[in-house]
Amino acid sequence: MRQDKDGPGAEIPEAPPAAPAADAPAPGAPRRTPPRPARVLLRDGVPALITALGPDDEAELVELHTRLSDRDRYLRFATLHPRDVAGYVRRTLDPSYGGLTLGARVRGRLVGAVQLLPAGGELAEVAAVVDPGERHEGVATALLEELAATALRWGVRRLQAYVLAENGPMMQVLTGLGMPLETVSAGGGVSLEVVLEPGDRYWTASETRFRTAAAAGLAPLLRPGSVVVVGAGRGERSVGRSVLRSLRAAGFPGPVHAVNPSAGELEGYPCHRSVADVPGPVDLAVLAVPAVGIEAVVEECGRAGVRGLVVLSGGFPAVPGLAGRVRALVDRYGMRMVGPNSVGVAAPGAPALLDATFAGRTPPTGDLGLVAQSGGVVLAALAAWQRIGLGVSAVAAIGDAHDVGARDLLAWFDEDPGTRLVVLYAESEPDLRGLARTAEHLARRMPVLALEPGTSAAGARAAASHTARSATPHAVREAAYAAAGIQGVGELGTLSAAVALLQGQPLPRPGTVVVLTNLGGGGVLAADACAAEGLPLEPLPEDLRARLEAVLPPLASTANPVDTGAAVPADAFAAALRELLEDRRVGAVLTVTAPTGVSDPGPAVAGAVAAARDPAPVVDVRFAGADPLCRLPLEPGSDRFVPSVTEPALAARALAVAWRRAAWLRRPGCGAVPPEGVDVVAARAVVAAVLARAPGGDWLLPYEVGALCAAAALPVVPATWAPTPADAAAAAAALGGPVAVKGTVRGVVHKGDAGLLRLPVSDPAEVAATVTGWQERAGEAWLGAVVQPLAEAGDELLVGAVRDAAAGAVVLLGPGGRATDALGHRVHRLAPVTDADVEEMLRGTGLFGTAHGRTLATGAVGDCLRRVAWLADALPEVRELDVNPLVVTPGGARALDVRVQVGPLPA
């Protein structure tokens with residue numbers, strides 16, 4: 001059986017149906033449950049629904065085979081006249097066959113299928129067929145990616161396919177997946193084995209496919225050829241009528257129609273009774289109808305061939321099941337949908353000239369991209385940017401984001417040459433890991449800023465482990481944004497100032513921030529604000545101070561801040577500023593000025609910046625300024641300008657955003673590599689054994705934890721597992737000194753809080769008595785005890801990992817032991833971690849910058865962090881992992897207590 005590139009191809013042997021008993025997984029093996037339906041985007045941006053096929057789909061799958069050409073049929077079956085295709089299809093769809101068939105449907109029509117048949121151990125055979133009319137749209141690739149994900153859940157780690165030597169397109173599909181591929185020539189064909197180890201090459205290839213598809217899918221929404229507005233009323237305050245006014249004001253060049261059975265025309269556009277009555281094809285439908293009527297309108301749009309929807313309507317939660325039914329209709333008809341609860345979309349520049357919003361004012365054309373779930377954020381940001389002369393390339397208010405999300409828009413902006421900076425506001429993101437990958441690619445060539453919601457403690461989750469409790473939505477988002485190079489800001493004022501700085505000035509250089517002021521107090525406030533944002537404010541080199549002294553009045557202070565004095569002439573202030581801007585040791589300059597009775601150096605700032613050669617960036621603070629944020633133009637006709645604000649704190653916050661971006665761009669580009677000495681096979685065996693005894697998941701017992709730590713080569717304080725009091729006493733006697741004794745009781749995670757920790761204990765008899773008391777109190781919940789030698793005293797840290805539904809594996813570093821919930825700052829990153837991640841996490845805790853902290857073995861802490869991150873990434877069954885405490889001394893670091901919870905992979 002064969003499959004070619006996005007068309008027919010790879011052959012598998014005609015194996016007999018597997019007996020149910022033989023197909024049953026071994027104890028501890030992953031359960032072979034079919035995957036849930038998955039929605040994917042094909043190369044042209046059209047959604048496809050991938051589902052597991054069964055006997056009810058036999059007729060469709062047979063009909064798909066009949067659409068093959070002679071050439072396709074030959075590549076599929078190695079013969080022009082295959083016998084009993086219907087019988088073959090029937091066998092492969094029979095549950096007793098032991099395999100799995102996934103099918104891809106586009107607009108309700110089956111356009112491709114891929115089959116998997118486990119062949120024993122970690123190997124499975126694979127084959128596929130694709131409609132010849134869809135062979136260049138990535139159907140085969142999408143099916144194989146979904147099949148690979150299911151195979152991994154089934155414990156399959158190698159896919160084997162036999163391809164005719166002349167079937168180059170199919171080989172391109174398999175190699176294009178980006179996973180390791182092994183090939184062996186066999187007769188007239190090639191046997192290929194895909195090793196299901198998705199590394200950097202796979203994620204790069206997968207991300208490229210996503211960006212291409214997502215951008216193509218948004219073309220009907222942001223570059224439509226025609227628009228229909230459904231629900232435009234006669235009233236002046238009608239939302240739909242407001243959209244019509246916006247379209248006219250923007251100068252949209254294509255056909256525009258309205259659906260209103262009671263009107264002949266609105267705002268100069270013709271009205272129709274229904275979408276079906278609109279002449280010609282419709283790319284975009286804007287829906288402004290009540291929620292109770294939205295389902296019927298969406299289906300009508302789908303039947304009419306509409307390609308994109310913008311749903312302005314809110315109130316979906318008030319109609320039970322409406323969201324799911326609308327999403328199903330969007331999938332069935334292959335549409336993309338923005339909303340519901342959206343303000344609309346706009347792309348005001350050529351060629352689109354589109355404003356399909358009810359904002360009331362078409363945003364000016366520019367090079368900013370904006371995607372936000374909040375219409376209020378959209379309106380506020382656009383108004384603020386317009387006041388400083390900035391416009392947008394495109395804006396999308398995605399509302400409740402039931403389909404099109406922030407990641408889709410980031411892909412659009414990445415493909416758009418007219419966008420230079422992107423701002424996003426995402427209150428929720430179901431695929432935060434995917435968003436981070438897309439944003440990282442985008443951030444390599446333009447700034448990506450995010451207005452951050454939900455940073456209060458109210459977002460914290462209740463969880464059993466310290467790590468999971470720490471992984472609040474804000475912390476997880478922090479980890480994803482850090483990986484992606486997204487610069488987060490906390491409020492709209494800082495967002496606008498940071499946008500202005502990044503648009504008007506170059507990025508900061510490595511070096512120090514310098515405050516230049518004619519106000520002593522203003523300089524102090526600016527210095528404090530810089531310190532609060534973590535910006536360096538270092539003393540200036542002597543040679544630079546000498547040059548400043550040569551141009552400033554005699555009483556000026558040339559330390560940092562540089563205080564010119566209140567009477568400084570404007571030309572002297574400008575000369576000092578130019579000296580600072582042209583010195584490569586200066587990373588950025590904050591000018592802080594106010595007019596006095598004898599001098600006003602503020603107006604000289606822009607001229608000095610314009611005259612400087614290759615200058616550092618400048619943020620101007622104008623005390624008593626008229627506008628909280630404005631721009632100081634430089635040379636005529638230039639896009640460069642200096643952002644000017646009235647508050648030093650705002651200037652420092654904006655500069656910190658640019659500073660973090662510059663630092664992120666300078667990070668080493670190397671990816672994460674597995675730590676030395678890890679054994680993934682042994683680690684998987686531990687997890688499989690735990691799931692064999694507890695199929696629904698469980699916390700690992702101490703001896704299982706020890707085996708997992710050994711597989712990760714994680715340094716731990718030795719521990720002896722003692723199921724009985726006698727075993728505990730014998731272990732204490734063998735250690736020959738004071739010991740720590742810990743009780744293990746089913747359902748108890750924190751031993752100290754439950755009274756299950758005793759130390760130091762020197763007498764083996766006392767150890768036995770302690771364990772006996774715990775055992776009697778716990779009853780049937782008793783599992784056993786752990787006996788450990790007393791560890792060397794040191795600083796205690798928490799190193800942990802948790803699996804988040806949206807972000808995947810997230811790692812944590814912070815204070816541990818008794819200080820876990822009290823001291824220091826916890827830093828989160830996505831797993832696996834790079835060397836740059838580790839350095840940032842160590843620095844971000846604030847624990848290693850003191851004289852004492854610098855004496856500790858930070859290298860050993862980083863090594864533990866890498867190993868925990870590796871475990872969390874390599875073993876998706878790991879739900880939570882706590883190393884708490886990790887005891888750190890100048891000589892090294894060892895884990896004193898480790899807790900791990902695992903669970904089955906979701907279908």
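Q: Hi! Which residue does Arg 241 form a salt bridge with?
A: Arg 241 pairs with Glu 267, and their closest N and O atoms are 2.8 Å apart. A salt bridge here is a side-chain nitrogen of Lys or Arg within 4 Å of a carboxyl oxygen of Asp or Glu. This is a predicted model, where local features need pLDDT of at least 70, side-chain atom pairs count only at pLDDT 80 or more, and totals for chains, interfaces and linings use all residues. Residues are numbered from 1 along each chain as its sequence is written, and side-chain values use heavy atoms, with hydrogens and water left out.

Q: Is Arg 241 buried or exposed?
A: Arg 241 is buried, with a relative accessible area of 13%, while Glu 267 is partly exposed at 21%. Buried means under 20% relative accessible area, exposed over 50%, and partly exposed in between, using a 1.4 Å probe and protein chains only.

Q: How many salt bridges are there?
A: The count comes to 51. Another one of them joins Arg 613 and Glu 582, at 3.7 Å from N to O. Arg 613 is exposed at 58%, and Glu 582 is partly exposed at 25%.
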